Amino acid sequence: MFQAAITGSGVFTPDQSISNDELVVAFNAYADIWNLENAAAIEAGDASVLAHSSSEFIVAASGIESRFVLDKSGVLDPTAMHPWLPERHMDEPGFMAEMGVDACRKALDMSGVDAADVGAVICAASNHERAYPAIAIEIQDMLGIQGFGFDMNVACSSATFGIQAAADMVRSGSIKRALVVNPEICSAHLEWRDRDCHFIFGDVATAVLIERADLAAGPHFLIKSSRCATQFSNNIRNNSGFLRRTRDGHMDDRRDMLFMQNGRKVFKEVLPLVSRHIAQHMEEEGVQAGDLKRLWLHQANKTMNDYIGKKVLGRVPEPGEQPNILQDYANTSSAGSIIAFAKYSEDLKAGDTGLICSFGAGYSVGSVILAKAE
Ligand code: COA
């Protein structure tokens, strides 16, 4: 058995962002138009008035202040309310591959590894822009990687599940190195017309290079162990898929064809699940709360992270111990905990221990215990 390590990480951040204030102006304009168009139904009691959203609510309920997106013009157009990402021609790179390659290149640069020396690409994300060929194989081709690639989807937990899969392959010796890449175009599966969730998501791509520790050329984190768990729930769901055609052949436009959640239930059910999962993982590995120098948590909601941080450490985390990036990026699904890791791990010292944890639809939860190498 070999020791697996994370030797590089990279983040692709889109160049467009939307502040809460911009978002709320667009949503309220949409609501006003909808209310006007449906005035008769509202008057007859057949429809309800769409209420306005507010920046104050968004910050108080989630901690989110802004989000990056691939296209803000469509999202902020009250007559569209979705990103405008024109279909790419077959001889052009797909959107996910393009942003994923950017993140992968940064991870490779950081570790000083040539793409030609990587053995596998796992594209782990909560939605894929097509069924096949796998986005991972397109990324593999664009980077000139030998070996193989495959896509996987465990929603917001995709990155940690991908890290476990890659680390297990490296440990067993079937490959020496793998890129785990998480291109998340959340803006395209969010219902921007739903006031309860229109503020939740943003776009980004992250990547980590998992490598045999004895081959690492620079500073790196040993993957001490990982744990994945799932438990079926309909409380976060997206029914979009290839079976969803209407009788006349069009894709169905029902509300459940985009992200839906019962946010309150998610909040109540996922918190104990995650807290128990981390506690059990730490106990099995003999890691005490006092040993943890950093928590890189899934970035969905600030209150959730505050709760988990306190539960895991047994006290309110000190500033910097549990970094949040959701104020700038919003929820970026599987990429959130990896953005936090990529941006807030360099300062850790040899021997320091940290924990990555992601959680979300499924339900799913994945945790990875890391130690900075001597
Ligand atoms: N602007 C203003 N008010 C809003 C609003 C908005 N955009 N959206 C909802 N409200 C109102 C609601 O109408 C409700 O009003 P009422 O009390 O008069 O009925 C009130 O604010 C509370 O709404 P609620 O949806 O219950 O808010 P919340 O405090 O539960 O926060 C979430 C909502 C989604 C931020 C929160 O539940 C959450 O983060 N849950 C976990 C989500 C998660 O992790 N999901 C994983 C996704 S991968």
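Biologist: Let's start with helix H5. Which residue forms a salt bridge with Asp 102, and how far apart are the closest N and O atoms?

Modeller: Asp 102 pairs with Lys 106, and their closest N and O atoms are 2.7 Å apart. Please keep in mind that this is a predicted model. A salt bridge calls for a Lys or Arg side-chain nitrogen within 4 Å of a carboxyl oxygen of Asp or Glu, so the pair at 2.7 Å qualifies.

Biologist: Where do Asp 102 and Lys 106 lie?

Modeller: Both belong to helix H5, which spans residues 95–111. They are four residues apart, about one turn of the helix.

Biologist: How many salt bridges does a search of the whole structure find?

Modeller: The search finds 15.

Biologist: Now to the ligand. How many residues surround it, and which are the closest?

Modeller: There are 19 residues around the ligand, and the closest are Ser 53, Phe 57, Gln 261, Arg 264 and Asn 301. By class, this shell holds nine nonpolar, seven polar and three charged residues.

Biologist: How do I read the polar contacts there?

Modeller: Look for pairs of N or O atoms within 3.5 Å. Gln 261 places a polar side-chain atom 2.7 Å from a ligand nitrogen. Asn 301 has a polar side-chain atom 2.7 Å from an oxygen of the ligand, while an N or O atom in the Arg 264 side chain is 2.8 Å from a ligand oxygen.

Biologist: How much of the ligand's accessible area does the protein cover?

Modeller: On its own the ligand has 980 Å² of accessible area, and the protein covers 71% of that. The space the ligand takes is the second largest pocket.

Biologist: Which elements give two or more residues to the shell?

Modeller: Those are helix H3 (55–62) and helix H8 (263–285). H8 gives the most, with four residues.

Note on methods: Residues are numbered from 1 along each chain as its sequence is written. This is a predicted model: local features need pLDDT of at least 70, side-chain atom pairs count only at pLDDT 80 or more; totals for chains, interfaces and linings use all residues. Side-chain values use heavy atoms; hydrogens and water are left out. A residue is near a molecule or strand if one of its heavy atoms lies within 4 Å of it. A polar contact is a pair of N or O atoms within 3.5 Å; within protein, one must be able to donate a hydrogen and the other to accept it, and residues adjacent in sequence count only if both atoms are side-chain atoms. Accessible areas come from the Shrake-Rupley method with a 1.4 Å probe; for residues, only the protein chains shown count as cover. On a 1 Å grid over the protein atoms alone, a cavity is a set of points where a 1.4 Å probe fits but cannot get out, and a pocket is an open set with protein on both sides within 12 Å along at least five of seven lines; lining residues have an atom within 4 Å of a point. A molecule sits in a cavity or pocket if more than half of its atoms lie within 2 Å of its grid points. Ala, Val, Leu, Ile, Met, Phe, Trp, Tyr, Cys and Pro count as nonpolar, Asp, Glu, Lys and Arg as charged, and the others, Gly among them, as polar.
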